[in-house]
Amino acid sequence: MAIWFTADTHFGHEAMVTLANRPFRSVLEMDAALITNWNTAVASGDTVWHLGDFSHRASLAAHVYRGRLNGRIHLIAGNHDGRIVERAAHLFESIGTLREIEVGGQAIVLCHYPMIEWPGAWRGAWHLYGHVHGRLDGQPNGLSLDVGVDSHEMQPVGLERVKQILAGRVNPFRSSRRRLHRPGE
């Protein structure tokens, strides 16, 4: 069973086709491609951490999309997930706004929003996020990564791929070991 990460699918959100400059002619085409890409990668027993903005509040009910997707999905709620949290929490394995997990000894901090520093950053914890639709891809912050579909060919990104991407990065929190001085020192 594999572990996957994704964010910002915005199922049913017609404006995302133009706002995020997605390569689709319509929201129906976008939804179909996102679902196909998801199910091509994710098996039914896999775990998916969706880091927010699952579906649009004015679109089809979240259960329609959830019912078409493989995997056991945990939702880290984003700014478009208010109604899902209120009415459809039962569709997901868990729902939260920030989650710290450990996979194979690797600490990972999950949040919809990118952070400059996160719990465990000094000790090599990764930070995975969404929300920015690839706008920070050119300026990565150490061991953090946008796992949204706009940054990963419109599909979830697997744990092994995340490892590969972050393996080449320097942890800025460990590389600048300056001692913090207290006032009066």
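Two strands pair if DSSP finds at least two bridges between them, and strands here are DSSP runs of E with at least two residues, helices runs of H or I with at least four, both numbered from the N terminus. Keep in mind that this is a predicted model, where local features need pLDDT of at least 70, side-chain atom pairs count only at pLDDT 80 or more, and totals for chains, interfaces and linings use all residues. Residues are numbered from 1 along each chain as its sequence is written, and side-chain values use heavy atoms, with hydrogens and water left out.

Stop 1: Select S5 (98–103) and S6 (residues 106–111). These two strands pair in the antiparallel sense over six bridges; Ile101 has Ile108 in S6 as its bridge partner. You have an open, mixed sheet in the order S5-S6-S7-S8. S5 and S8 stand at the edges with a single partner strand each, so one side of each has no neighbour in the sheet.

**Stop 2: around Met30.** Finish by selecting Met30. Leaving aside neighbours within four places in sequence, Met30 is in contact (heavy atoms within 4.5 Å) with residues including His10, Met16 and Phe24.
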